[in-house]
Amino acid sequence: MNWIDYLTILCIIIGCFFFLAGTVGLLRLPDVFTRLHALTKADNLGLGLIALGAALQVGSVAELIKLGLIWALVLVTGATVAHLIAHSALKQGEKPWQKTP
Amino acid sequence: MSLVYQGAALFLVLNIAAGLVRVLRGPTKADRLLAVQLFGTTGTAILILFSLEMEDDAYRNLALIFALLAGIIGVIFTRYAQKPGPPPQQRITVRELD
């Protein structure tokens with residue numbers, strides 16, 4: 001177990017923490033739009049950190065490119081689907097949550 | 001080392017189970033679409049962790065295809081959610097069935 005293994009473990013643990021933050025936001029936030037924020041940001045970051053931890057362990061450049069491609073794909077599709085969901089929710093008449101004093 | 005991968009994969013599966021609460025409870029259709037997006041991203045992460053544990057490169061190919069399919073499914077569900085539902089007078093409630 002050299003320092004690369006410790007770094008991988010650290011990246012994976014922090015990535016899991018971001019996934020937890022995204023799920024807690026999904027359950028606890030009051031409105032669809034706020035949940036979209038929490039979910040896409042935290043999931044992209046969590047997946048990016050797990051992919052980084054995996055990138056430290058693989059042997060060849062082809063696998064590195066594949067991992068980078070996975071992360072970039074999830075980033076782009078996540079942003080697109082988040083926009084589409086927010087647009088569809090707005091068209092169906094959802095009002096954003098206002099903080100009642 | 002393998003313990004870390006398995007523990008993290010188990011933790012992510014528990015996250016998916018917690019996301020199912022939002023699928024059941026979510027008052028709008030958009031909430032359920034959100035949860036599908038969660039499943040896609042978390043499933044991709046689980047597949048990457050599997051590829052590290054089994055030391056097999058095939059799982060990373062699976063993760064790539066999963067990420068693609070999750071995006072496509074998100075788009076399809078959004079287009080499906082925009083179709084109008086049945087008009088309010090014709091919706092059958094449970095009481096009318098008795």
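User: How many salt bridges are there between chain A and chain B?

Analyst: This is a predicted model, where local features need pLDDT of at least 70, side-chain atom pairs count only at pLDDT 80 or more, and totals for chains, interfaces and linings use all residues; side-chain values use heavy atoms, with hydrogens and water left out. Residues are numbered from 1 along each chain as its sequence is written, with chains lettered from A and ligands numbered from 1 in the order in which they are written. A salt bridge here is a side-chain nitrogen of Lys or Arg within 4 Å of a carboxyl oxygen of Asp or Glu. Between chain A and chain B, the count is two.

User: Which residue of chain B meets A:Glu63 in a salt bridge?

Analyst: Look at the side chain of A:Glu63, which takes part in a salt bridge, N to O, of 2.6 Å. Its partner's side chain belongs to B:Arg60.

User: And which residue forms a salt bridge with B:Asp31?

Analyst: Here the closest N and O atoms are 2.4 Å apart, and the partner of B:Asp31 is A:Arg35. B:Asp31 sits in helix 2 of chain B and its partner in helix 2 of chain A, so the pair joins two chains. The name to remember is A:Arg35.

User: What is the area buried between chain A and chain B?

Analyst: Contact (heavy atoms within 4.5 Å) takes 38 residues from chain A and 39 residues from chain B. Buried area is the accessible area (1.4 Å probe) lost on putting two parts together, summed over both. Carbon and sulfur atoms give 76% of that area, which is about 3,600 Å².

User: Which helix of chain A gives the most to the side that touches chain B?

Analyst: Helices are DSSP runs (H or I, at least four residues), numbered from the N terminus. With 15 residues, the top contributor on the side of chain A that touches chain B is helix 3.

User: How many residues of that side of chain A are nonpolar?

Analyst: Ala, Val, Leu, Ile, Met, Phe, Trp, Tyr, Cys and Pro count as nonpolar, Asp, Glu, Lys and Arg as charged, and the others, Gly among them, as polar. On the side of chain A that touches chain B, seven residues are polar and seven charged, and the nonpolar ones number 24.

User: Are helix 3 of chain A and helix 2 of chain B roughly parallel or antiparallel?

Analyst: Their axes come within 10 Å and cross at roughly 175°, with axes fitted to C-alpha atoms over the stretch in contact and angles running from 0 to 180 degrees between N-to-C directions. Angles under 35 degrees count as roughly parallel, over 145 as roughly antiparallel, 65 to 115 as roughly perpendicular and the rest as oblique. Helix 3 of chain A and helix 2 of chain B are therefore roughly antiparallel.

User: What about helix 1 of chain A and helix 1 of chain B: roughly parallel or antiparallel?

Analyst: These two pack at an angle of about 10°, with their axes 10 Å apart. That makes helix 1 of chain A and helix 1 of chain B roughly parallel.
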